[in-house]
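Please look over the sequence and the 3D structure shown here before reading on.

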Amino acid sequence: MADKKTTKPAEKHSLSLDDLASLTKRRGFIYQGSDIYGGLAGTWDYGPYGVALKNNLKQAWWKFFVEQRDNMYGIDAAILMNARVWEASGHTGAGFADPLVEDKVTRKRYRVDHFLEDNGVDPSGMTLEQMTAKIKELKLKSPEGNELGEARQFNLMFETRAGVVEDSASKVYLRPETAQGIFVNFKNVMDSLHPRLPFGLAQIGKAFRNEITPKDFVFRTREFEQMEIEYFIKPDGWEREFDGWVAAIRNFMQQVGIDLNDIHELDVPAEERAHYSKRTIDFEYKFPFGTKELIGLAYRTDFDLSNHTKNSGAELTYQDPHSGEKFIPHVIEPSFGVDRLMLAVLSAAYTIEEVNGDKRTVLKLKPELAPIKLAVSPLLRNKPELVEKAQEVYRSLKQKYGAVMYDDNGNIGKRYRRQDEIGTPLCIVIDFDTLKDKAVTIRNRDTLEQVGVKIDELPEQIDPELAKF
Ligand code: ATP
């Protein structure tokens, strides 16, 4: 079989975002949103393998952060929420606005802090006036070469209307984060489950932000998915809890195949933190386009629950069962973007290496995440006796492993290439020997090792094989 022997060690390829975008499109992971109508900026659609990888990633997260911990509960709140939620959280005000600058001719808008960065200016700590002054001082023009207007704030929330009457009461927002859906359910969960502190509420769901300049593939989009936890604690000892979350996030990243050497932990300085945060760490990943935020971890104090108490009138407190003391719990928030995590996992997995003098592209995904775990092939598709055996093996494995593919397209070398590109850990081939000795060949995606295994022993052999990755 084509790549039975290889001696060249794997080399890490210096990846471009275009390489990744083209592989993921070609192989059915990620497509431009509304593609046949010319696309819609800031939206992406996940194809068959993309949705499988994304679901596996979300499941891995849920298992790690919810199921494997003692004190975690899940919720799934509505995307449309009462507009007062966003007044209380501060999202309708300046707190959730990005600074933009407009091209005076084309009317195109640019995020002014990103624009300054691209022009070699560090915008941290600058006011809107200072940013405008800088643009004037350096005589900066828009990317189209036109004059730019004054820098101003632009709110990122998408507005829509609920119901048939168009008045101010019908205005609703698509949620810009999943976190508030958790805070507004704090009382419901307390009343129904009576959890003791510390405990966490977790949610995975869509969020929407009218980003001024969506860019860098699925890194900055207008519709995306978040996985957020609000971990409620007593204020004393928050530092220890925070450190515990730092360690848990690091462990999770390793579990999904992210090398911690590719992570930069930015301890955000006080002047750049949100005003309610006493400590924030941005876990930044070395993406192909630069080192950028992947995950945020913030100690948000009692800011959110206090504001919702004031604005809703509901009592969002916790009563200590020993002392009887009532107080508003504080909160630590680990916040993950599913799409960014997927981009990081794909970037980490993307490898180009040489096999017997040929280059091969392979996604070295953890088997837990791979869209297809096993591909089963007859060596030749036009030999009924091989096809019959291969179908039999395929059916029994599919029952046990689910994500199993029957692949008889093209020759065996092409099948391996295709399975490598979608990250399938093991390929199983039925050949003429199988008919005699009842043994199939299992080929390992990463080592390219091929081992003969009796069909009867397949289930016992596959699990240790998958564990080798
Ligand atoms: P950035 O500074 O990059 O805009 P942020 O600090 O506004 O991000 P948070 O509000 O902390 O982001 O959101 C939590 C997480 O949600 C981020 O770490 C990221 O993974 C994800 N996220 C935020 N905005 C987007 C977006 N526009 N597209 C994709 N993912 C996003």
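What is the mean pLDDT of the protein chain, and what percentage of its residues reach 70 or more? The mean is 93, and 97% of the residues reach 70 or more, where pLDDT is the predictor's confidence in each residue, from 0 to 100. This is a predicted model, in which local features need pLDDT of at least 70 and side-chain atom pairs count only at pLDDT 80 or more, while totals for chains, interfaces and linings use all residues. Residues are numbered from 1 along each chain as its sequence is written, and side-chain values use heavy atoms, with hydrogens and water left out. Over residues 1-13 pLDDT stays under 50.

**Salt bridges**

Side chains of opposite charge can pair when their charged atoms come close. The structure holds 37 salt bridges, each being a side-chain nitrogen of Lys or Arg within 4 Å of a carboxyl oxygen of Asp or Glu. Three of these pairs are set out here.

| Pair | N to O distance |
|---|---|
| Arginine 111 and glutamate 211 | 3.9 Å |
| Arginine 220 and glutamate 211 | 3.4 Å |
| Lysine 234 and aspartate 320 | 3.0 Å |

Glutamate 211 is buried, with a relative accessible area of 5%, where buried means under 20% relative accessible area, exposed over 50% and partly exposed in between (1.4 Å probe, protein chains only). In the pair of lysine 234 and aspartate 320, lysine 234 is partly exposed at 37%, whereas aspartate 320 is buried at 7%. Elsewhere, Glu353, Arg360, Lys364, Arg417, Asp420 and Arg443 are linked in a network of salt bridges.

**Cavities**

There are two cavities of 30 Å³ or more. On a 1 Å grid over the protein atoms alone, a cavity is a set of points where a 1.4 Å probe fits but cannot get out, and lining residues have an atom within 4 Å of a point. The largest cavity has a volume of about 40 Å³, a volume being the space filled by probe spheres set on the points, which are joined across faces, edges and corners. Among the residues that line the largest cavity are Val256, Val345 and Lys364, and Lys364 also belongs to the salt-bridge network.

The second largest cavity holds about 30 Å³ of space, and its lining includes Ala375, Asp407 and Tyr416.

How values were computed:
On a 1 Å grid over the protein atoms alone, a cavity is a set of points where a 1.4 Å probe fits but cannot get out, and a pocket is an open set with protein on both sides within 12 Å along at least five of seven lines; lining residues have an atom within 4 Å of a point. Contact means heavy atoms within 4.5 Å.
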